[in-house]
Amino acid sequence: MKTLTCIVIGAGYAGIHAMKEIRKSLKNGEGSQPVRFILIEKNTYHFRKVLLFKPAVTDEEVRIPLAQLFPEGVELLQATVTSIATTEKKLQMLDATGNEQTISYDILVVSAGSVVRRPEASSGGLPLATLDDAQKIREVWRANLQLAATEANSLERKRLMTIAVAGAGISGIETAAELAYYVKEEARQLGLEPNAIDIRLYNAHDRLFINGPEKVSVKLEQFLTDSGVKVVNGSRVLQETDGCLRLPDGGELPVGLCVWTLGLMPNPILEQWGLPVTADGFVQIDTSYRVKGATGLYSIGDCAKVVDPRTGRSDGMTCKEAIPQASRLAKVITADLNGQPAPVHTGYMDTFSIGLGPEKGLTWVRKWGIDLMLTGKLGYRIKRFTWDLASTIK
């Protein structure tokens, strides 16, 4: 009996759940076809991208070795896919030593995820886009506080103790809240006045969290204000140059650090692979995650345009969508292999959890037209549970 080869590209949230769910659905048993499972990832670890703000304020580890997540039953290939030949069902890749390899597949799941948007190089500041970026941000604000502790000039001391976060999506909100807590703690230890720390969150929209009701926006802003974050709605940062922000109204603000949190975009490598993509860079799929124009090829997660056929709404680019998508994908693949009707995508319920610093959070759920909001430690515990579930941490 032929052994099927099932490959998953990418070990982000969608990728690790896809591999776990497909293995569960296609596990070998009496009368079933044997399957070889391969996970291709350029790193040796699963990167918990939603926690990227953590290394910007603490030394918390946000990487999990893939060998820990998949101790057996899955071949882990550290490589970068360079092209996919959908007609021949083959893909090419460069392994960790730079050698090119070709591998055939029967089932291929593209879960290449997303990348964090970066500002233009001339924009100045530091983007929160990679682990190295996060660690650099932490180095800068800590060095600024040490300088401030011995700075005699009050205006320069104030600049060193001012941080701007440019971009007020969930990442920007969580980053600003964490900075407010940890920078104040560090200031206190250095003998500086914690309340002199000035954290500003610049939001291009007229309120925070435009995906939810206004009352959630109001609550979020109140939490941030109480934590020491000044929310500047209806404004955005144009540029940071030599320690000074340029703002749309012509104003300027001296800052010690500007952090860009500009949201996500689908992985640009998708076009290089020759996959059909939308105008905004997402893989084109049908309602059962099948890549259009290909056989045995599927895509889920941040890199795919996942739309609920009942409502026409697209899934968001957050880790919580990865789990139900992966579970349904496993059922789709099993149905396709058996020549049976496959399930179609159903959108996730309206719910968001947002971290607001250590042991603080806000969770919003809309069900049956009713808005439910949980805050404080309970809101944080739900957020922490979501983070851990997304990374299959028990």
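This is a predicted model: local features need pLDDT of at least 70, side-chain atom pairs count only at pLDDT 80 or more; totals for chains, interfaces and linings use all residues.
Student: How many aromatic pairs does the structure hold?

Tutor: Rings of Phe, Tyr and Trp (its six-membered ring) pair if their centres lie within 6.5 Å; planes under 30 degrees apart count as stacked, over 60 as edge-to-face and the rest as tilted. The structure holds six such pairs. In one of them, the planes of tyrosine 181 and tyrosine 182 stand at 80° with the ring centres 4.9 Å apart, so the pair is edge-to-face. Tyrosine 380 and tryptophan 387 are also edge-to-face, with 6.3 Å from centre to centre and 85° between the planes. Together with Phe53, Tyr380 and Trp387 form one aromatic cluster.

Student: Are tyrosine 380 and tryptophan 387 buried or exposed?

Tutor: Buried means under 20% relative accessible area, exposed over 50%, and partly exposed in between (1.4 Å probe, protein chains only). Both tyrosine 380 and tryptophan 387 are buried. Tyrosine 181, by contrast, is partly exposed, with a relative accessible area of 39%, and tyrosine 182 is partly exposed at 22%.

Student: Which residues touch the most other members of the largest nonpolar core?

Tutor: In soluble globular proteins, nonpolar side chains tend to be buried together. A nonpolar core is a set of buried Ala, Val, Leu, Ile, Met, Phe, Trp, Tyr and Cys residues joined through side-chain atoms within 4.5 Å. In the largest core, of 59 residues, Ile22, Ile84, Leu91, Val110 and Trp273 touch the most other members. Apart from it lies another core, of 47 residues, including Val62, Leu131, Val183 and Trp364.

Student: What does tryptophan 273 touch?

Tutor: Contact means heavy atoms within 4.5 Å. Not counting residues up to four places away in sequence, tryptophan 273 touches Ile9, Val81, Thr82, Ser83, Ile84, Val110 and Ala112.

Student: What is the strand order in the open sheet of three strands?

Tutor: Strands of a sheet pair through backbone hydrogen bonds, either parallel or antiparallel. Two strands pair if DSSP finds at least two bridges between them; helices (H or I, at least four residues) and strands (E, at least two) are DSSP runs, numbered from the N terminus. The order is S20-S21-S22, with antiparallel pairing. Strand S20 (350-355) and strand S22 (370-375) are the edge strands, each pairing on one side only. Six bridges join S20 to strand S21 (residues 361-367), and threonine 351 stands opposite valine 365 in S21.

Student: Where does glycine 172 lie, and is it buried or exposed?

Tutor: Glycine 172 lies in helix H5 (residues 170-189) and is buried, at 0% relative accessibility. Leaving aside neighbours within four places in sequence, glycine 172 is in contact with Val165, Gly167, Leu201 and Thr261.

Note on methods: Residues are numbered from 1 along each chain as its sequence is written. Side-chain values use heavy atoms; hydrogens and water are left out.
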